[in-house]
Amino acid sequence: MSRRSLSSSPPRDIKRPRLIPLTPDDYRNGVMLAPMVRSGALPTRLFALKHGAKLVWGPEMVDKAMVLAERVVDPISGTISYNGKQERAMFTCHPIEKPYLIFQVGSADPDLAVQAARVVMDDVSGIELNCGCPKPFSTHAGMGAALLTNPDLLCSILTALRRELPPHISVSAKIRLLPKQEDTLSLVERIVNTGINCLTIHCRTRNMRPRERALIHRLKEVVDFVKGFGGDVAVIENGDCVGFEDARRIRSITGADSVMIATAAEANPTVFSPTPLTNLEETFILPYLRLCKYLDNHWASTKFCVSQFKARKSANKALREAVIKAKGYTDLDALVGTWTGDEEFTAIKASIEARATAPPILLPLSEDTLQPQSQSQGSATSSGGDEISTTITPSGWRGNPDPTVVNDAPFLPANEHRIHIPAGVSKQDPGTPTPHRLSGGGPPPLPLCRYLRFFL
Ligand SMILES: Cc1cc2nc3c(=O)[nH]c(=O)nc-3n(C[C@H](O)[C@H](O)[C@H](O)COP(=O)(O)O)c2cc1C
């Protein structure tokens, strides 16, 4: 499906959010949507925000691709597309997510990284350098996890981004643990001195398989180390988190400022809520499809994202089968009913605006909730010798794979564990109920002023 737009300015009813910079505190006390090639599509990010994600990351885009992208705006929905060859959208975003959206760039060159960031910076609040992708496409070009062993280059990119971008654009980095803790600490020391606001640490090493348990027990020392500098850099844990309650558990073990979720959010974009939706066939897929249509999300992307949503064994399969067979939105008319998507978009917009008075779900951390650390990998043992359940990967967990970043990365299968849509089905390639605001027993809201940035 082609984009509807030729315009380069926003539609009249979409207000431009005010430029209020993200501070390190904005990266704290939250559950975040991780960057995900292909799966971190615009509709998924908007639903994640609706259901309590504090900030959302876009999929990694390689700097060279962004530098050549053409920016177009859909005059009906306001969706902004960065198009590559043949007007194909490589990255899409929307003004309503801008105050909470981080753009992730893959780069091995400070100048190119800055150029790519400048292309997109008016539509996002922060720019992040991906230093964790272990796939050959990234590492052969010196990007992603290759930067972990080239700290001079890594830090020169971050320094250039911070120096060259306007102060209201936040700069952050996402890394993996190095095999040795002392090397991790040395690297982290250099990174946090570049002037970034936030460092996300995926608690696996470069060579670990996605299904191997994340080494979250190693993070507490890193977090304490960063805090010891007295600088103002937020640290986000990433790896093996399956939802809000699990984020509290991980946070209590690691002391991290926030927790970031990828795979579990790919399977269910509402996991940021303490009460996530469970029966997605009944509660989520239809609204998701409608929103995708409203946003003019590429049909192949919509189909792929829906295929990643977790299915219940007992669920009605008719809808999923219809989605797999459909060649476009119109093929689903009979099942989906009214197709405007207006209602879904309006509800999401309202819930994002409501952050001014009903802040997103936060994760308070008091020092006394911190658990003693374990020296073993992935499972702690109490004094009585019992396994501490907080470090056990929940049952049903299917690992946390990394993206395959190859040509046209945003549309390619993410990894070998993905559910592949046969080419014959997809043709080419391959995005509800209201969010639950905090009620009694939830953590205290942040000061109102922190949430007034939006639409003021
Ligand atoms: C489908 C998919 C795509 C991903 N794409 C990216 C990406 O673009 N950039 C990135 O830094 N990490 C990417 N990752 C890695 C995740 O952000 C995250 O670091 C990893 O999956 C561990 O988190 P999890 O245990 O919550 O899955 C991707 C992961 C998945 C599953």
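This is a guided tour of a predicted model, going from the whole chain to a few selections within it.

**Before selecting anything**

Residues are numbered from 1 along each chain as its sequence is written. Because the model is predicted, local features need pLDDT of at least 70 and side-chain atom pairs count only at pLDDT 80 or more, while totals for chains, interfaces and linings use all residues.

**The whole chain**

Start with the whole chain coloured by pLDDT, the predictor's confidence in each residue, from 0 to 100. The chain averages a pLDDT of 80, and 75% of the residues score at least 70. Select residues 371-456 next: pLDDT stays under 50 there, and the model has 172 contacts beyond four places in sequence for this stretch, a contact being two residues whose C-beta atoms, placed from the backbone, lie within 7 Å.

In cartoon view, the chain shows 16 helices and 12 strands; these are DSSP runs numbered from the N terminus, with helices (H or I) of at least four residues and strands (E) of at least two. Of the 456 residues, 50% count as buried. A residue is buried if 20 or more other C-beta atoms, placed from the backbone, lie within 10 Å of its own, exposed if 12 or fewer do, and partly exposed in between.

**The sheet S4-S5-S6**

Select strands S4 (70-73), S5 (80-83) and S6 (89-93). They form an open sheet of three strands in the order S4-S5-S6, with antiparallel pairing, where two strands pair if DSSP finds at least two bridges between them. The edge strands are S4 and S6, each of which pairs on one side only. Neighbouring strands of this sheet are turned by 25 degrees against each other on average, direction ignored; the axes are lines fitted to C-alpha atoms, and angles run from 0 to 180 degrees between N-to-C directions.

S4 and S5 pair over four bridges, and in this part of the sheet Val 72 stands opposite Ser 81 in S5. S5 and S6 also pair over four bridges, with Ile 80 opposite Cys 93 in S6. S6 is mostly covered, since five of its five residues are buried.

Move to the hairpin of S5 and S6, which has five residues between the strands, and select Gln 86, where phi is positive and near 55 degrees. Is Gln 86 buried or exposed? Gln 86 is exposed, because it has 6 other C-beta atoms within 10 Å.

Phi of Asn 29 is near 60 degrees, a positive value in a residue other than glycine, but Asn 29 is buried, with 21 other C-beta atoms within 10 Å.

**Helix H8**

Select residues 244-254, helix H8, which is mostly covered: nine of its 11 residues are buried, among them Phe 244, Arg 248, Ile 250 and Ile 253. The buried residues of H8 pack against S1, helix H7 (219-228), strand S11 (234-238) and strand S12 (258-261). Just after H8, Gly 255 takes a positive phi of about 75 degrees.

**The largest nonpolar core**

Finish with Leu 158, Leu 161, Ile 191, Leu 199, Val 235 and Ile 261, which touch the most other members of the 117-residue largest nonpolar core. Such a core is a set of buried Ala, Val, Leu, Ile, Met, Phe, Trp, Tyr and Cys residues joined through C-beta atoms within 7 Å. Centre the view on Leu 158: leaving aside its neighbours within four places in sequence, Leu 158 is in contact with Leu 129, Val 171, Ala 173, Ile 191, Thr 194 and Ile 196.
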